[in-house]
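Please find below a set of numbered remarks, arranged by topic, for a colleague working from the coordinates.

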Amino acid sequence: MSDRTMARQVLLFIWFLSLSSALGQVSYSIPEEMAKGSLVGNIAQDLGLDLKRLKSGKARIYTGDSAEYIELNKERGVLLIKERIDREALCGQTTPCALHFQITLENPMEFYSVTVEILDVNDNAPVFAAKEIKFDISESSLTGAKFVLERAVDDDVGFNGVQSYFLHPADHFILKTQDMPDGTKNVEMILQNTLDREKQEHISLLLTAVDGGEPQMSGTIPIIITVEDANDNAPVCFLPVYKTSIAENSPKGTILTTVKASDADQGQNGKIEYYIAKTSGGSTNHFEINRNEGVLRLSGDTDYERVKHYQIDVQARDPGRHSDTCKVIVDIIDVNDNKPVINIMSKASTLSENSKPGTVLTMLNVQDSDSGENGKVQCSINDNIPFTLKSTNNFFSLVTDGDLDRERESEYNISVTCSDEGVPSLSSSVTLSLQISDVNDNAPVFEKSSYEASVQENNTPGLSIFTVRARDADFNQNARVSYILEDSSVNGVPVSSLVSVTADSGVIHAVRSFDYEQIKDFQFRVKAQDGGSPPLSSNVSVKIIIQDQNDNAPQVLYPVQSGANVVAEIVPRSADVGYLVTKVVAVDVDSGQNAWLSYKLHKATDRALFEVGLQNGEIRTVRQVTDKDAVKQRLTVVVEDNGQPSRSATVNVNVAVADSFPEVLSEFTDFTHDKEYNDNLTFYLVLALAVVSFLFIVSIIAILSVKCYRWRRERMFYKSGANLPVIPYYPPLYADVGGTGTLQHVYNYEVCRTTDSRKSDLKYARPCSESIISLDTSGTHTLTHAQRERLNFDDCDDQVRNFV
């Protein structure tokens, strides 16, 4: 068939037939043999769906066990031909011929039924099974004698099937067609003029079968007639139509019926033989007939689900080729031999414990190929679970039917059993596993109603006193308990200056050194708060009895943490493995191994993308950056010293994975830009980069200036109070682990920075002078100046100017 003809067929037959919005059903009609990729219909428009809904709902076509001839284009919201459709191969002679499938959506779950009717195209010409037809006709045959001719077979249906027959030449015979109950035509050749063997012993005719399609197609078969004497009577069937029935899967050899015919001739001319005529339905493969007795038997397997009835043409012929045809209709009786087939259309593997009753978690389609009661299916689930099944035709929805509690039952194995109503009943089952996800509905509970602990005086700040613990019955993040010290005061001093609580572990630390002569005991409250949203909490009273030490955590110099602005390091998407992102710079005022710092990556948006150098604090990429990596990356680096116990500091590093500065701004700011600024975008980007660079340089200068200023004041204080008693003050959260009583150690402060980075890192020079503070053990706390040096203030100023 030409492309022009096919295009004309498409324009002629593709119509949108019906759309039922209430039932979610759409029907289309298309001609067969459409090219792959041809348009079937705009399903999104016909169902009233948005293209975004098709994408977010992961729309897909569900056909069960059937082949997929139609595909869904979610970008355009249209149905397209996936495979070329041959109506004859798909449906045979069955009309109408249609494809049935469903379109399913998720979040929320929905489905729509779609029917695509396949219209016949005249792509098959009439064909005769035999190469030629031969007749031996007696010259004594009377005018009007009938000779049944083989019918042509056309795989097309309706008007495209065989419509008429022509016989040429028509000197002795004419054609007569008779419409049969099944819609076919019985073709007979009728003798119009008597034959004379002496004049013409052989007659050659041409039988032509023509269909009604456009363009019209035809098939021919030659008829060779041998004129002979004698037999002038044709057999006559007792009944024109025989009807019988048989159960499917009956054994071969089962007798169906007996066909009888009579012939007025006597002797050899009256002997009748029975034959099954060849038909397009393939009946000859399932049945056989005894030629002499006319007994029709089953010779093949029958299946009600494939063919529900057969029509068999039986010819009764005498030796003179005179014949009569009768039809045998065999109805197949259904037997319950097919189990229900359970197809999971969509399912959820997890469900929140606060889901409302009626929440759909699984959609099932159940099919039984049997008919009647044998094909009716009922489904059920196991008892004593908060779920139920709701059915619509052969579709079932598993929904919640009660309240869920993860703390009582965290997992369900739901067994769905579907049984038909046949005798005996057949059933199938499937087990669905469902995890119940946690909701924050339990507050933390402390192990004790109150706590009491003791600590020696002159303790080192940061000493772990004891631990409070609370349990949360929830799961994962909702059960992750954080401990918070509630604000209160002790003798006018905030309790936070005395003790601190580790948020993750509940460990209570001494912030400062306690003096038993000043304070003997104090009380405060600790709150345990979970990580849910919104969080739940409880509190407990803690009493500290003073009996009794070390504390200096690392200080992060870079990056500077600021709550006012978000500073991000930019990593291009073309960065290779080992690309240096930035470097965390930290110092610890302790000495020895307490000042040995190690850097660890505590949290990260993508742990597989970054790593932190253990000794140098360099943040580098672990793998190749890809387009799928998020633009916005947040890293939490923990800087720990090597003291006992170890102290640490945490710094947050924002990283932008982008190739352009506008992309970074769009991710790290909440501002939107009007269209009128698009023309000046380049100007604003350059301006923003300049401002950021300027602020960074000013910050470094300010840090160095403050350091020098504090150094000067400290030296001035030492000079002015050389002989005055000094009460030592230890900054909160800083500890030295070297002793247990009054601090007796020397502190050296030195700031340094590695320079082996591939990027331009900061290099911090040695401070202008070294300060050595020594506390004696006499108990007077008098400040000494054994190693006092002269401060060189000009050197500090020179370092600041050189850096700038």
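**Notes on the predicted model**

1. Not counting residues up to four places away in sequence, F522 touches V490, V495, L498, V499, F514, V542, K543, I544 and I546; contact here denotes heavy atoms within 4.5 Å. This is a predicted model, in which local features need pLDDT of at least 70 and side-chain atom pairs count only at pLDDT 80 or more, while totals for chains, interfaces and linings use all residues. Residues are numbered from 1 along each chain as its sequence is written, and side-chain values use heavy atoms, with hydrogens and water left out.

2. F522 is also among the residues with the most contacts inside the largest nonpolar core, together with V499, I508, F524, V526, V542 and I544. That core has 28 residues. A nonpolar core is a set of buried Ala, Val, Leu, Ile, Met, Phe, Trp, Tyr and Cys residues joined through side-chain atoms within 4.5 Å; buried means under 20% relative accessible area, exposed over 50%, and partly exposed in between (1.4 Å probe, protein chains only). At least two residues of this core come from each of β34 (450-456), β35 (464-467), β37 (481-485), β40 (499-501), β41 (507-510), β42 (521-530) and β43 (537-547). Helices (H or I, at least four residues) and strands (E, at least two) are DSSP runs, numbered from the N terminus. Another core lies apart from this one; it has 26 residues, including V40, L54, F101 and V114.

3. T400 belongs to strand β30 (residues 395-400). T400 counts as buried because its relative accessibility is 2%. Its side chain reaches the backbone oxygen of K356 at 2.8 Å and the backbone nitrogen of T359 at 3.0 Å. Leaving aside neighbours within four places in sequence, T400 is in contact with L351, K356, P357, G358, T359, L361, P386 and F387.

4. Which residues line the second largest cavity? They are K347, A348, L361, T362, I414, L432, S433 and L434. On a 1 Å grid over the protein atoms alone, a cavity is a set of points where a 1.4 Å probe fits but cannot get out, and lining residues have an atom within 4 Å of a point. The space in this cavity is about 40 Å³, a volume being the space filled by probe spheres set on the points, which are joined across faces, edges and corners. Two or more lining residues come from each of β27 (360-367) and β32 (427-437), and β32 gives the largest share, three residues.

5. Two cis peptide bonds deserve a check. One joins T95 and P96, with omega about -10°; P96 lies in the loop between α4 (87-91) and β7 (97-105). Another joins N107 and P108, with omega about 0°, and P108 lies in the loop between β7 and β8 (110-119).

6. Most residues other than glycine have a negative phi. N107, however, has a positive phi near 50°, and N107 counts as exposed because its relative accessibility is 63%. N249 has a positive phi of about 65° and lies in the loop between β17 (241-247) and β18 (255-258). At 47% relative accessibility, N249 counts as partly exposed.

Key. A polar contact is a pair of N or O atoms within 3.5 Å; within protein, one must be able to donate a hydrogen and the other to accept it, and residues adjacent in sequence count only if both atoms are side-chain atoms. On a 1 Å grid over the protein atoms alone, a cavity is a set of points where a 1.4 Å probe fits but cannot get out, and a pocket is an open set with protein on both sides within 12 Å along at least five of seven lines; lining residues have an atom within 4 Å of a point.
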